[in-house]
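Here's a quick briefing to read alongside the structure. Have the viewer open and follow along.

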Amino acid sequence: MPIYWSPSSKTALAEAELEYNSEHRSQSIYVRLPLTSPPDQLRSYMRAGETANIVIWTTTPWTLPANKAVCYSPGLQYCLLRLAGRSELLILAESLLETVADKLNTSLDIVSTFSGGSLAGLSYHHPIYEGKRCPLLPAEHVTSDVGTGLVHTAPAHGHDDFKVALKHGLSKECMVDGNGKYTLEAGEEFEAKHVFDEGNSIVQQRLGERLLYSEEYIHKYPYDWRSKQPVIIRASRQWFIDTKKLIGPALKALEGVEVSPPVYKSPLCESISQRPYWCISRQRAWGVPIPVFQDEHGNSYVHRAITDHLRQLIINHGPDIWWEADDTTLLPDHIRHESGIASDLKLTRGRDILDIWFDSGVTWSSVLGDRPADLYIEGVDQIRGWFQSSLLTCVAINGRAPYKSIMMHGFTVDEEGQKMSKSLGNVVAPSDVIYGDKGKKKPGYGVDVLRWWAASKYAVTNVDIGPNMIRQCNDKMLQLRKRMRFILGNVYDFVPEKNLIDYNSLLPQDQYFLHVAHEYANQVTSCYESNDLSAVLKWLELFTAKFSNIYATLSKDRLYCFPADSRERRSAQTVLHHTFNILVYSAAPILPFFAEDCFVHRYGTQLNKGLSTSVSIFRSGWMTVDSRWQNHQLSVRFEIVFTIVEKIRSLLNNTPADTMDVMLVADTKENKTLDILKGLQEDAEYGVLCSHSPLCEAIQCASVSVATAEDCPGFPMFTEPDHVGDMLELGMKVYLKKAAHMRCQRCRRYTAATVTEPCEMCLLNMANTWTN
């Protein structure tokens, strides 16, 4: 059967092992072939001495010695043409007349037109071998897109040609060997000549006056992906899987498979439906041998007893036993007897190995056993490779797909968008990113940084990588580590079993941030389920930024200045504990070393020294969140507060608000909205406790008061403010005045009565007597 063959590698190739060079240069020729006996319908138009010729076009002149027929389409319209200045008539498809006339640079006058069916039963003189006649045959693959509508057919060098040969009983012998050179069967003139070089030249010389036109033709052509050299289609004895029997079940199995991105499901189905067979044999000196024996006539002997025996030998000694052992070991007498092979029949072991895509295609068997994989992930080029070979083998054996979902990605280019090449020196080696390159003074960033880049750049199109991008990923990892260090540093004495505070007893600002954490946990889980890894990192960055900019800032006073076992500090620590868990679990699939390092530090050694160091985040399931954390009503209140914060920043030109006393003058509705956040407020003007309310903590000011317009006229802040801002969208005004109190030397808040003494709250905290 004709298969893709690499003369440079001397082996058969699967389609998945081909690369296509769009700049390949072939020799394009138009050839006239005289009819042996024109029918009466054509003879009536012929003048004395004229011949009738069919015209063929080919970009592989070297295949003409293997010509066995010329195919036409019964559905096309053909015409008989008179070539100006020549005593000959030409036959070709009418729709391609102008193209051929332009190539020949001459006028072609139509003498007659007729349907393709009129060519049935005709024959022509072979283009190379004198005295040899070949038939014109109908075929479905003939079109009027290019050429002449009459297709040169060499069964040994074309897939469609081979089908025609099978249908009409044509011979299919191949006259080209594994080196891409003609054999003696092609004739002494051709013997040992390489088809691409001397072969094309000799063929054109032999054609003589039959060669109507020749030109260089640039087009897409298959190349060997290893040697980067052009391949040929060559008939040879190979082992095949008849995939026609598998196409239907395979497509049915794919219906239940989720493909990400979804746009690639159709190409995968199409590639399978268009694969009539799979050549699984290769000609290599290494690999898994195909366990067959052959006699001197080329007949192959396969039997279950033989394969079972060889299987045990390979288990015990490895696949090299096939090449190293003697014939008696490989095929002992009792196996011959069991297989029905005569003891005196001389057999030799086969030299073919299995296609590597068959090897990779059955990995599901050894890795997964009877269960399908949750996910297969590879590049889009594996539509014709691993994704397909895995599916076909599993459907053949188990009647189902080997995977529940498939994820495909693009390929890497450098920061300028150029394909990576050793000659250009723009290859980024994973090992250099991880370990660095001392010779080039490049730092190593570790595995997690490389994984961050890979996840952030997930795309079906090409993605770029370079030193700048790796540094950016490293900077983001450092930010994540700093935020995690803050959490770990503040939960060093927090034992969940003893210190965890129930959600309903948490302070409002702490409940709010658990709502944020709940939303993040659900969002990132959804991204993982849809394999959107780049979105996972975007949400991770947004969440950690919100944690750093909002929660870490507003909780520091309670974490650093309140009594160790106070409700206020434990409430903040409870949030840090839950935030830690959500962060490490959500980061673990992409940043496993970072997540494991944090997890073991928190649960394996820091608090539970009696635990085994084998404690692992990867043995503890997925993160869990309390449904009570979802509190949209509280979230709305705090979004109002953060809008106020932005207004204050604009009034102060982005300088911190901690030196300011704040008054919020709102209508009754908005006043009630903020009531829950006023918390401990007792003195509406300058009471010390109002400086530690949830509202004050969120705004990060010296103190905050909330009042209606009717209550305001008596307040100095209302009559003599330093700044006033309207917030019409909230029905509110903001009044700012420089803090009436001094800066506390302990908590750094402007809540102290004098410069030298701590504020009242710090005095209570130091005495460990402040309670609520």
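Which residue forms a salt bridge with Glu-646? That's Arg-649, with the closest N and O atoms 3.0 Å apart. Keep in mind that this is a predicted model.

**Salt bridges**
- The count for the model comes to 23 salt bridges.
- Arg-649 and Glu-646 both sit in helix 22 (residues 632–651), three residues apart, or about one turn of the helix.
- Arg-649 is partly exposed at 38% relative accessible area, and Glu-646 is partly exposed too, at 46%.
- Glu-88 and Arg-32 also pair up through their side chains, at 3.4 Å from N to O.
- Glu-88 belongs to strand 7 and Arg-32 to strand 3, so this pair ties together parts that are 56 residues apart in sequence.
- Glu-88 is buried at 6% relative accessibility, and Arg-32 is buried at 9%.

**The largest pocket**
- Its volume is about 1,100 Å³.
- There are 32 lining residues, and the closest to the centre are Thr-59, Thr-60, Val-151, His-157 and Asp-161.
- Strand 12 gives the largest share of the lining, five residues.
- By class, the lining has 15 nonpolar, 14 polar and three charged residues.

**Helix 6**
- Leu-268, Ser-271 and Ile-272 are buried in helix 6 (residues 265–273).
- These three cover an arc of only 100° around the axis, which puts them on the same side of helix 6.
- The buried residues of helix 6 pack against helix 5, helix 13 and strand 23.

Definitions and conventions: Residues are numbered from 1 along each chain as its sequence is written. This is a predicted model: local features need pLDDT of at least 70, side-chain atom pairs count only at pLDDT 80 or more; totals for chains, interfaces and linings use all residues. Side-chain values use heavy atoms; hydrogens and water are left out. Buried means under 20% relative accessible area, exposed over 50%, partly exposed in between (1.4 Å probe, protein chains only). Helices (H or I, at least four residues) and strands (E, at least two) are DSSP runs, numbered from the N terminus. The arc is that of the directions from the helix axis to the C-beta atoms. Contact means heavy atoms within 4.5 Å. On a 1 Å grid over the protein atoms alone, a cavity is a set of points where a 1.4 Å probe fits but cannot get out, and a pocket is an open set with protein on both sides within 12 Å along at least five of seven lines; lining residues have an atom within 4 Å of a point. Grid points are joined across faces, edges and corners, and a volume is the space filled by probe spheres set on the points. Ala, Val, Leu, Ile, Met, Phe, Trp, Tyr, Cys and Pro count as nonpolar, Asp, Glu, Lys and Arg as charged, and the others, Gly among them, as polar. A salt bridge is a side-chain nitrogen of Lys or Arg within 4 Å of a carboxyl oxygen of Asp or Glu.
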